[in-house]
Structures are given as C-alpha cells and as structure tokens.
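Welcome! Please take a moment with the sequence and the structure below, and then we can walk through them together.

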Protein chains: 4
Amino acid sequence: MHISEDTRGVYVIAATPFAEDGALDLASTDSLVDFYLGCGVHGMTILGIMGEAPKLTAEESVTFLTRVLARVDGRAGVIVGVSNPGLDNLASLAKTAMDKGAAGVMVAPFPGLNTEAKLINYYAQVCAALGPDIPLVYQDYPQTTSAPVSVETLNILIDRHPQLVMLKHEDSPGLAKITGLRKTAEQDGRRRISILVGNGGIHYPQELARGVDGAMTGFAYPEMLVQVYDLFAAGKAEAAEDLFDAYLPLVRHELQPGLGLAIRKEVLRRRGAIASAKLRAPGPKLSPEDQAELTHLVERMESRLSTLGLAA
Amino acid sequence: MHISEDTRGVYVIAATPFAEDGALDLASTDSLVDFYLGCGVHGMTILGIMGEAPKLTAEESVTFLTRVLARVDGRAGVIVGVSNPGLDNLASLAKTAMDKGAAGVMVAPFPGLNTEAKLINYYAQVCAALGPDIPLVYQDYPQTTSAPVSVETLNILIDRHPQLVMLKHEDSPGLAKITGLRKTAEQDGRRRISILVGNGGIHYPQELARGVDGAMTGFAYPEMLVQVYDLFAAGKAEAAEDLFDAYLPLVRHELQPGLGLAIRKEVLRRRGAIASAKLRAPGPKLSPEDQAELTHLVERMESRLSTLGLAA
Amino acid sequence: MHISEDTRGVYVIAATPFAEDGALDLASTDSLVDFYLGCGVHGMTILGIMGEAPKLTAEESVTFLTRVLARVDGRAGVIVGVSNPGLDNLASLAKTAMDKGAAGVMVAPFPGLNTEAKLINYYAQVCAALGPDIPLVYQDYPQTTSAPVSVETLNILIDRHPQLVMLKHEDSPGLAKITGLRKTAEQDGRRRISILVGNGGIHYPQELARGVDGAMTGFAYPEMLVQVYDLFAAGKAEAAEDLFDAYLPLVRHELQPGLGLAIRKEVLRRRGAIASAKLRAPGPKLSPEDQAELTHLVERMESRLSTLGLAA
Amino acid sequence: MHISEDTRGVYVIAATPFAEDGALDLASTDSLVDFYLGCGVHGMTILGIMGEAPKLTAEESVTFLTRVLARVDGRAGVIVGVSNPGLDNLASLAKTAMDKGAAGVMVAPFPGLNTEAKLINYYAQVCAALGPDIPLVYQDYPQTTSAPVSVETLNILIDRHPQLVMLKHEDSPGLAKITGLRKTAEQDGRRRISILVGNGGIHYPQELARGVDGAMTGFAYPEMLVQVYDLFAAGKAEAAEDLFDAYLPLVRHELQPGLGLAIRKEVLRRRGAIASAKLRAPGPKLSPEDQAELTHLVERMESRLSTLGLAA
C-alpha cells in the first residue's frame with residue numbers, strides 16, 4: 001500500500017520510545033503502534049524531523065522501522081522520514097524502508113538550499129536517487145529547515161516529479177499558501193496532491209476548510225485528529241471545530257518548541273502507550289511544575305469533553 | 001506616574017492607525033486610546049517591536065506619542081518602545097517620551113548582541129545613556145531579536161540596574177524561565193521585578209500561575225486580558241482560564257507571524273476602534289478568504305461567551 | 001548624471017564622519033569627499049547598509065546627503081542607500097536624494113522576503129513607489145539581509161524593470177552567480193546591467209575576469225580599487241592582480257564583520273580624510289592591540305608596494 | 001599520545017576521499033595521510049564539522065577513522081570530531097576513537113544552545129558522558145553552529161573541566177577573543193589551554209602574534225601552515241608573514257563557503273594526494289571557469305614563492 005495523491009486522513013507522527021537508560025524500547029514500540037491504531041489513524045510517520053531520529057544510529061533506525069512495519073502489518077500506511085545530509089544515505093534508507101513495506105518516504109530541504117533554483121535542483125537529485133517508484137512527501141517546515149518555498153516553486157516540483165504525491169504543510173503563516181496551492185492547481189489543471197498539516201494541528205479546522213486532506217502531526221490524542229477529520233468529511237464542520245476547540249488548550253501547550261516532545265511523551269506514558277517518557281540526551285525533562293501544569297490541563301480538557309457529551 | 005517593580009495588570013500593545021492612503025490617522029489614534037481605556041487596561045505600550053514603529057519617521061513617532069499621551073491624560077501608564085540601532089537616537093526618543101508624560105521606556109536587544117557579555121555591556125550603555133531616572137523595560141523576544149538571554153544574565157542586569165523594573169517576557173518556550181526568575185529572586189533575596197507577558201498571551205493562564213504580573217500584548221479583545229487578570233487576582237483561577245479558553249481560538253489565530261497584525265487591525269476596525277485596517281506598505285492585506293475565516297471565528301467566540309453567560 | 005547599465009568603475013562606499021561626541025562632522029564630510037575624489041573614484045555610495053545610516057535620524061540623513069552632493073558638485077555620481085522598512089519612507093528619501101542631484105538609489109531586500117515570489121512582488125512595489133525615472137541598484141547581500149536571490153529571479157527583475165540598471169553583488173560564494181548572470185544575458189539577448197562588487201573587494205580580480213564592471217565597496221585605499229580597474233580595463237590583468245595582492249592582507253583585515261568599519265575609519269583618519277575615527281554608539285573601538293596590528297599591516301603593505309615600484 | 005594544554009603546531013583538517021561513484025576511497029585515505037605527514041603536520045583532525053562527516057554512515061565513520069589511525073601509526077596526533085545530536089552516539093564514537101588510538105575528540109555546540117547557561121550545562125553533560133580521561137577540544141565556530149560563546153563562559157568551562165585542553169578558534173571577528181582569553185588566563189592564574197585556529201587560517205599571522213599555538217584547518221598546502229608556525233616559533237615573524245602572504249590569495253579563495261571544500265579537494269587531487277576530487281552528493285562541483293581560475297591562482301602563487309626564493 002503506497003501513498004498517493006488520493007491519500008486522506010491522519011498520519012500520526014510517531015514518537016520513538018526509549019527505556020530509562022536511553023536504549024530503544026521495542027516492547028513500547030509495539031504498544032505505541034497498537035495505541036495509534038486503536039486511535040483510528042490512517043497511517044503513521046516515523047523517523048520524522050521533529051522526532052529523535054537524529055539521535056538514532058543508522059542501525060537503530062532500521063531496527064525501529066522494521067519493528068514498526070512488522071507490528072503495523074499492513075493495517076495502516078507508514079511513511080518514513082529519510083532526510084539526510086548525504087544523498088546516498090537518504091536513498092539507501094528509503095530503499096530499505098520500502099523493501100520492508102513502507103508506504104512512502106518524506107524528505108525535508110536543508111538550510112543551504114536558500115534559493116528556489118537550488119530547491120528545484122535538489123529535489124531533482126532526490127527523485128533521481130530514489131528512482132520513480134518511491135512515493136515522496138515534501139516536508140515544508142521552514143521554521144526548522146530555513147528553506148522556505150513558494151507556491152510557484154512547489155508547483156514546478158509537482159509538474160516535474162509525478163512521484164511527489166504529498167505535501168506535509170507546516171509553513172507559518174501558511175493558510176494563504178494552502179489556498180494558493182488549491183487555486184493554482186484548479187486554474188492550471190495541475191495534478192492535485194495530498195496535503196496533510198503539521199505544526200501540532202494548531203490551525204487544523206481552518207486548514208481543512210481551505211482544502212487540506214488531513215493531518216500529519218504528533219498530538220498525543222490522535223483520536224481527536226481522526227474525529228475532527230471524520231466530522232469534517234461528513235459535512236459537520238461546526239461539530240468538528242467544537243471538538244477541536246476542546247483540545248486546543250492542550251494542542252497549544254504541546255506546541256512549545258523543544259519542550260513539546262517531552263510533554264507528548266509524558267501524555268503517551270500516562271495513557272499507557274509507552275513505558276517511559278524518556279528523551280535521549282541532550283533533551284528536556286519535565287519539572288514538577290511542568291507535571292502539575294500538564295495534569296491540570298488534561299483535567300480541564302476531560303471536563304470540557306464531558307460537557308460536550310464526549311468522553312476523552 | 002512611572003512604572004515600577006510593583007506595576008501589575010494589562011499594558012496593551014497599541015496599534016498605530018493609518019488612513020487608507022498610509023498617513024498617520026490621528027482621529028483614530030484618539031478613538032483607539034478611548035477604546036483601550038474602555039476595555040479597562042491599566043496602561044498601554046506604543047511604538048513596540050511588533051508594531052509598525054520602524055515604518056514611522058522620527059517626526060511621526062513624536063507626533064503619535066504626543067497624541068497618545070495627550071489623549072490618555074494620566075488615566076493610564078504609557079510605555080514607549082525606543083529600541084534603535086543608535087544609542088543617541090534611543091536616548092533622545094526616551095527623553096522626549098518621558099518629558100511628554102510617558103511612564104517608562106522599553107528596549108529590546110538586537111542580533112549583534114550574540115553573547116551574554118555583550119548583552120550586559122549593551123544594557124549598561126543603555127542605562128548610562130538614559131540616566132537613572134527613566135524606568136526601563138527589557139523586551140525578551142529572541143524569536144525576533146536573535147538575542148536570547150538566560151535567567152542568570154537577567155539577574156545580573158536586575159542587580160546592576162535599579163531602573164530595570166519590568167520584563168516583557170516573550171521567550172518561547174518560556175514557562176520555565178518565569179519559574180526560574182521567581183525562584184532565584186526568592187532564594188537570593190533579589191529585587192522582584194514586574195513581569196508582563198507577550199506572545200499574544202497564548203500561555204497567559206499558565207504564566208499567571210507561575211507568577212507573572214499581567215500581560216503586555218496586542219490582542220484585539222483587551223477586555224479578556226483584563227478580566228482574566230482580575231479573576232486570577234481574585235483567586236478564581238478556573239473561571240479565569242474558562243474565559244481565556246473561550247477566546248483562545250482567536251488568540252491563536254492572531255498569533256500568525258506577520259499576518260497577525262493585519263487580523264488585529266481588522267478586528268479593531270470592526271469594533272469601531274479605528275477607521276481603517278490599513279498597514280503601511282509593504283505589509284499584508286486580508287484576502288476574502290481571510291475575512292470570512294475571521295468572521296466565522298468571531299461568531300464562534302461570541303457564541304461560546306454567550307454559552308458561558310458572558311457577552312463579548 | 002544618472003547611473004545606467006553602462007556605468008563602470010569604482011563607486012566607493014562612503015563612511016559617515018562623526019565628531020568625538022557623536023555629532024555629524026560636516027567639515028570631515030567635505031574633506032572625505034575631497035579625499036575620495038582625489039583617489040580617482042568614479043562615484044560614491046552613501047547611507048549604505050554597512051554604514052551607520054540606521055544610526056542617523058531622518059534629518060541627519062538629509063543633511064549628510066545634501067552636504068555630500070554639494071561638495072561633489074557633479075564631479076562624480078552619488079548613489080544613495082534608501083532601504084527602509086516602510087515603502088513611503090523609502091520613496092520619500094529617494095525623491096529627496098534625486099532632487100538634490102543623486103545619480104540613483106540602492107535598495108536591499110529584508111529578512112521577511114524569504115521566497116523569490118515575495119522578492120519579485122517587493123521590487124515591483126519599490127519600482128512603483130519610486131516612479132520609472134529613478135535608476136535603481138539591487139543590493140544582493142544575503143549574509144546580512146537573509147534574503148538570497150537566484151540568477152533566475154534577478155533576470156525576471158531585470159526583464160520587468162528597466163529602471164533596475166545595476167547590481168551591487170556581494171553574495172558569497174558569488175563567483176558562479178556572476179558567470180551565470182553574464183551567460184544568461186548573452187544567451188537570452190537580455191539587457192546587460194552594470195555589476196559592481198562589494199564584500200570589501202576580497203575577490204575583485206576574479207570578479208573582473210568574470211565580467212563585472214567595477215567595485216562598490218568601502219576599502220580605505222580606494223585608489224587601489226581604481227588602479228586595478230584601470231589596469232584591467234587596459235588589458236593588464238596580471239599587473240592588476242599583482243597590485244591587488246599587495247593590498248590583499250589589508251583587504252582581508254578590513255573584512256572582519258563589525259570590526260571592519262572601525263578599522264576603515266581609523267585608516268581614513270590616519271590618512272587625513274576625516275578628523276575622528278568615532279563610530280556612533282553602540283559600536284566597536286580599536287584596542288591598543290588592534291592599533292598596533294593595523295600599523296604593522298600598513299607598514300608591510302607600503303613596503304610591498306615600494307618593492308613593486310609603487311608608492312602607497 | 002593524547003593532546004594536552006601543551007599541544008602546539010598544525011593539526012590539519014583532513015578531507016574524506018571518495019571514489020567517483022561516491023564510495024569511501026581507502027587507498028586515497030592512505031595516500032592522503034602520507035601526504036599530510038609529508039607536509040610536516042603535527043597532527044590531523046578527522047570527521048570535522050566542515051568535512052563530509054554528516055554524509056558518512058556510522059559504519060563508514062568507524063572504517064575511515066580506523067584506516068587513518070592505522071596509517072598514521074602513532075607518527076602524529078589524530079583528533080576525531082564526534083559532534084552528534086545524541087549524547088550516547090557522541091560518547092560511543094568518542095570511545096571507539098580513543099580505543100583505536102585517537103589523541104582526543106572535538107565537540108561543537110549546536111543551534112539550540114542559545115544561552116550560555118545552556119552551553120555550560122551541555123558541556124557538563126558531554127564531559128560526564130565521555131568520562132574524565134578523554135581530552136576534549138571545544139570547536140568555537142558560531143557562523144555554523146549559531147551558538148556563540150564569550151570569553152567569560154569559555155573560562156568557566158576551562159575552570160570546571162580539566163579535560164578541556166584545547167580550543168579550536170574560528171569565531172569571526174575573533175582576534176579580540178584570543179587576546180581576551182590569554183589576558184584573563186594570565187591575570188587570574190587560570191590554566192592556559194591550547195588554541196589552534198580555523199577559518200582557513202585567514203588571520204593566521206595576526207592570531208599567532210596574539211598568542212595562539214598553531215592552526216587546525218584544511219588549507220590544501222599544509223606545509224605553509226607548518227612553515228609559518230616554525231618561522232614564527234623561531235622568532236622570525238616577518239619572514240613568517242611574508243610566506244603566509246604569498247599563499248594568501250589561495251587561502252582567501254578556499255574560504256568561499258560551500259565551494260571551498262571542492263576547491264581544496266581539487267588541489268589535493270592535483271597534488272597527487274587523493275585520486276578523485278569527488279564530493280558526496282549533494283555537493284558542488286567545479287565548473288570549467290572554476291578550474292581555470294584555480295589554475296591561474298596556483299600559478300601566480302608558485303611564481304610568487306619562486307620570487308621569494310622558495311619552491312612550492
């Protein structure tokens with residue numbers, strides 16, 4: 001099962017579980033996969049830019065993706081982040097991933113790609129290195145990559161590379177870009193690719209209204225992302241946004257740069273999805289104040305959901 | 001009336017109103033001041049880093065601050081942003097502002113100050129140029145200034161410069177920094193300065209719980225900032241957060257970098273506070289999609305407030 | 001006398017002289033103009049991005065440019081840097097400058113222009129605000145502006161805006177960009193604009209060989225820039241480079257970010273061009289070690305020139 | 001043989017040789033080591049930040065360092081760059097390197113370390129992870145790491161961590177920092193650590209005069225770095241600088257960001273040190289214009305050396 005232009009829904013960005021001593025926790029990898037599937041996600045993305053992929057060795061990356069793919073066992077699509085300073089490493093990891101059953105790979109640009117001519121050239125090299133059969137996701141996250149891209153340049157890439165089937169959109173501000181992509185595709189008769197949104201989903205209802213196809217982000221209550229998607233798809237936009245707003249205080253709280261991942265892992269731990277909230281060093285750790293604050297926010301969210309007649 | 005360590009409450013960041021042709025709109029300056037005071041703010045901050053101050057000439061800056069101070073007429077404190085690449089210009093604008101009745105001045109660091117030794121040296125120069133009688137606000141906004149500062153260095157500045165009475169806190173993530181400043185002040189018997197928070201107030205309830213004294217931000221419904229402050233001060237933290245959460249979708253929407261100011265000015269225009277939502281060129285303008293989206297978000301917020309038994 | 005596509009030679013970036021107390025030094029402004037003209041420069045550029053223009057008030061900028069233009073009195077072209085966060089301020093300073101006899105204006109992009117679509121849109125706004133009769137220089141200095149531009153985008157701007165007659169080239173690495181601009185102009189029958197190089201002239205001989213038309217930089221021995229240009233134009237490329245290399249240790253020394261301007265002003269002071277090497281605060285000041293080091297480098301350079309049979 | 005505070009001389013930054021197809025070229029690794037030793041270097045640094053280390057797999061890194069250490073066979077010190085987003089990976093590579101005979105390891109900070117409190121905390125973690133017996137080099141290269149450090153903070157690290165025995169200095173401007181480090185060490189009776197300079201050696205004579213102990217950079221004529229060091233150590237500072245200046249046009253040419261490594265590898269290829277100038281993709285490749293320009297610069301340098309009575 002490969003991703004395509006028609007891919008829709010929620011691809012949760014998966015955390016990488018570690019034991020307290022920092023070792024890869026494969027039992028928690030299984031339970032995390034089960035947890036995500038239990039939330040109803042349509043797929044998951046592993047080894048992503050915001051995760052701890054750079055802290056894994058190449059061997060660990062392969063071990064982890066093998067374990068995830070085995071556990072998923074075809075029940076959902078798995079996209080693998082393969083961004084790497086070296087094109088050979090990138091292509092090699094991509095091929096390994098596809099061989100083991102991945103649905104596609106995701107590549108972000110890097111800081112040196114500071115003109116759009118360079119971006120166009122780089123993605124041509126990436127596509128050539130991957131070969132035409134590996135579906136590609138462009139991760140547009142300029143806050144981290146320092147490599148912004150315009151609608152015009154994305155359209156050039158879409159026209160040139162049929163294997164570019166999805167955009168992970170996390171530019172900010174980015175609402176106008178979504179509208180620009182959808183309008184120019186329609187006007188020009190261009191291939192309409194799948195757009196899934198990141199940035200914790202902070203503008204998810206607005207983005208759905210502007211024509212995106214779902215979310216690809218790591219919010220620790222992925223069932224919300226799924227339910228909002230389903231309600232929206234069923235034409236119940238207001239109900240979708242009501243539900244989203246109940247979770248918004250936590251979405252916002254998780255969006256704190258750097259700290260957010262520690263919060264997410266702690267929520268996943270509390271929910272029983274992983275055994276430890278450990279981040280690999282160097283990485284932040286929640287203080288007692290952070291823990292109490294999180295507890296309070298979760299309680300408020302549960303109370304709000306119960307007012308809406310929904311259980312968390 | 002000068003600001004001091006004991007200053008509390010809401011200092012709204014004031015927009016600068018322009019006519020459709022880009023000229024300074026002094027009639028709207030008056031109506032905007034009236035609007036802010038009607039919202040119950042404790043003060044306002046003009047010519048701030050996120051405003052359009054860099055698009056004013058020096059003459060226009062003085063015209064605008066004179067008009068604001070005359071209209072306020074002692075009913076609230078007015079802080080004036082005086083950051084400038086040249087120390088002489090900075091000191092000159094500060095003295096003009098204080099002569100006309102300002103309550104204090106705000107200075108942000110700039111990108112060249114890339115070590116804390118340089119920050120310490122720069123603020124020593126700033127304090128010397130201002131003289132000891134002008135109260136100073138340190139604007140800590142590293143996302144824009146590229147000049148981050150640690151708790152340790154802020155404490156050095158607090159110890160050395162009695163005129164440094166307030167921190168405008170908008171580091172991100174920044175919750176631990178607030179706790180760090182409050183704890184080290186208590187442990188070391190250090191002077192406790194006023195901390196008002198920026199970043200659109202996106203973490204306002206959490207920040208109040210961690211010991212800040214209020215907000216200094218430009219959210220276009222400043223009455224929310226005031227009511228949350230009052231409720232919190234009255235010990236009603238949950239009610240404060242309920243109210244905040246009703247506005248959160250709009251707080252989040254206004255926080256979009258660059259676009260946020262256009263949204264804020266449009267809300268102020270719709271609320272009758274200013275005649276035009278014009279931003280000086282080059283600056284963004286809301287599209288029809290943006291306008292409809294904003295209308296929808298405001299309607300949802302009003303409906304939520306009415307559910308809570310509160311009128312917008 | 002306006003600049004055009006055919007402008008050739010050396011436009012020295014002029015320092016702004018201050019008295020020891022930081023005031024604008026108009027007598028030194030006259031002597032500095034005389035000094036530059038005595039060095040044989042073809043023109044000069046004032047109020048540039050690397051100068052202290054941001055530390056001048058708007059009034060001082062006009063006073064300074066008026067003084068320079070009066071002193072030059074038509075003997076050389078004067079380009080005025082008019083970059084400004086506000087388009088109205090930019091256009092207003094440009095018109096004042098042209099009214100007083102400037103040869104053209106220079107505009108750099110700014111950090112927000114982070115895609116080439118935005119750059120194209122911004123320069124369209126700039127040209128509209130200037131009107132078609134003011135010759136425009138594009139300052140391409142991404143190390144400072146954080147707004148890189150590709151050959152492709154520069155060509156679009158050249159095609160759309162006949163008033164864009166000159167590129168101040170200081171991208172780094174930038175040699176391939178020069179070749180790219182010259183080759184695409186030839187291949188496409190595109191208008192060939194003037195290219196003058198900055199970055200202290202550190203790659204000047206290589207840049208001349210690749211087709212640039214001269215230099216626009218602030219090296220404190222502008223006669224070298226002129227002599228190298230003349231030798232090169234006379235077909236004596238090796239002699240040009242021999243001369244350049246004799247000055248290269250000082251060119252390199254002046255290129256230190258931030259500190260370079262203090263070194264340049266000190267050289268200008270020693271050479272009698274200005275009364276004080278003062279930089280406006282906050283700005284660096286040479287230490288005794290810096291002074292001795294500079295003296296040593298100048299002595300070595302003079303000795304080398306004398307070995308080559310040339311007096312400094 | 002471990003590095004220590006007393007280490008002096010030239011530690012050349014070694015290129016990583018690849019075959020035309022991108023594979024690690026181990027035969028060229030041997031010939032490159034022989035070439036460097038033939039140039040008289042005191043040591044070499046491999047897997048550095050400016051090299052292609054991020055394009056190697058973890059396995060290749062170990063293969064390469066093993067080969068280099070075997071070939072060097074104790075004839076020179078080998079420092080290994082071990083910077084890594086994960087502390088476990090960092091420590092693991094460091095231990096492997098030391099086990100195989102490395103003289104020490106080098107660690108650069110990373111962008112997230114944006115206050116000096118964070119830098120101090122990070123290097124404490126690094127030292128704990130390494131254990132006290134591995135000599136550490138701090139790579140101070142803020143242009144790339146976005147993590148500047150002051151003299152004050154470096155002194156704190158020197159005081160706290162006896163294993164921090166060397167600074168690779170490549171801040172810019174950086175001359176005052178060298179003087180600051182040497183003066184504060186003397187005044188405070190602080191341990192004087194070794195300082196080797198990077199940045200291509202562009203300010204090498206000035207840096208030696210201010211008290212550094214040698215160079216750690218990848219200039220493709222390492223014999224110059226050695227000869228200048230020797231002349232300077234012998235009290236012949238002028239002769240040292242004469243020699244340096246003869247190479248300066250090429251030093252400057254190699255310092256072009258990004259392109260510099262392609263130039264260096266081409267020079268190494270022409271000199272017979274490696275079989276191919278290949279950089280791993282994505283990476284720049286010299287154009288015919290670049291090749292001719294390089295040839296010209298090398299010829300001029302050889303001619304200059306011959307004038308000085310020295311053969312290249």
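## A first look at chain A

How many helices and strands does the secondary structure of chain A come to? The model here is a predicted one, and in it chain A has 12 helices and eight strands. Its radius of gyration is 19 Å, close to the 20 Å that the globule rule gives for 312 residues, so chain A is as compact as a globular protein of that length.

To picture its extent, follow the C-alpha trace: along the principal axes of chain A, this trace spans about 50 × 45 × 35 Å.

## How chains D and B are related

Now turn to another pair of chains.

## Where chains D and B meet

At this interface, eight residues of chain D are in contact with eight residues of chain B. Between them the two chains bury about 570 Å², and 64% of that area lies on carbon and sulfur atoms. Three residues, D:T115, D:E116 and D:P148, supply 56% of the area that chain D buries against chain B, more than any other three residues.

What kinds of residues make up the side of chain D that touches chain B? They divide into three nonpolar, three polar and two charged. Across the interface of chain D and chain B there are zero salt bridges, while one residue pair is in polar contact, with both residues at pLDDT 80 or more.

Conventions:
Residues are numbered from 1 along each chain as its sequence is written. Chains are lettered from A and ligands numbered from 1 in the order in which they are written. This is a predicted model: local features need pLDDT of at least 70, side-chain atom pairs count only at pLDDT 80 or more; totals for chains, interfaces and linings use all residues. Side-chain values use heavy atoms; hydrogens and water are left out. Contact means heavy atoms within 4.5 Å. Buried area is the accessible area (1.4 Å probe) that two parts lose on being put together, summed over both. A salt bridge is a side-chain nitrogen of Lys or Arg within 4 Å of a carboxyl oxygen of Asp or Glu. A polar contact is a pair of N or O atoms within 3.5 Å; within protein, one must be able to donate a hydrogen and the other to accept it, and residues adjacent in sequence count only if both atoms are side-chain atoms. Ala, Val, Leu, Ile, Met, Phe, Trp, Tyr, Cys and Pro count as nonpolar, Asp, Glu, Lys and Arg as charged, and the others, Gly among them, as polar. Helices (H or I, at least four residues) and strands (E, at least two) are DSSP runs, numbered from the N terminus. The radius of gyration is taken over C-alpha atoms; the globule rule is 2.2 Å times the number of residues to the power 0.38.
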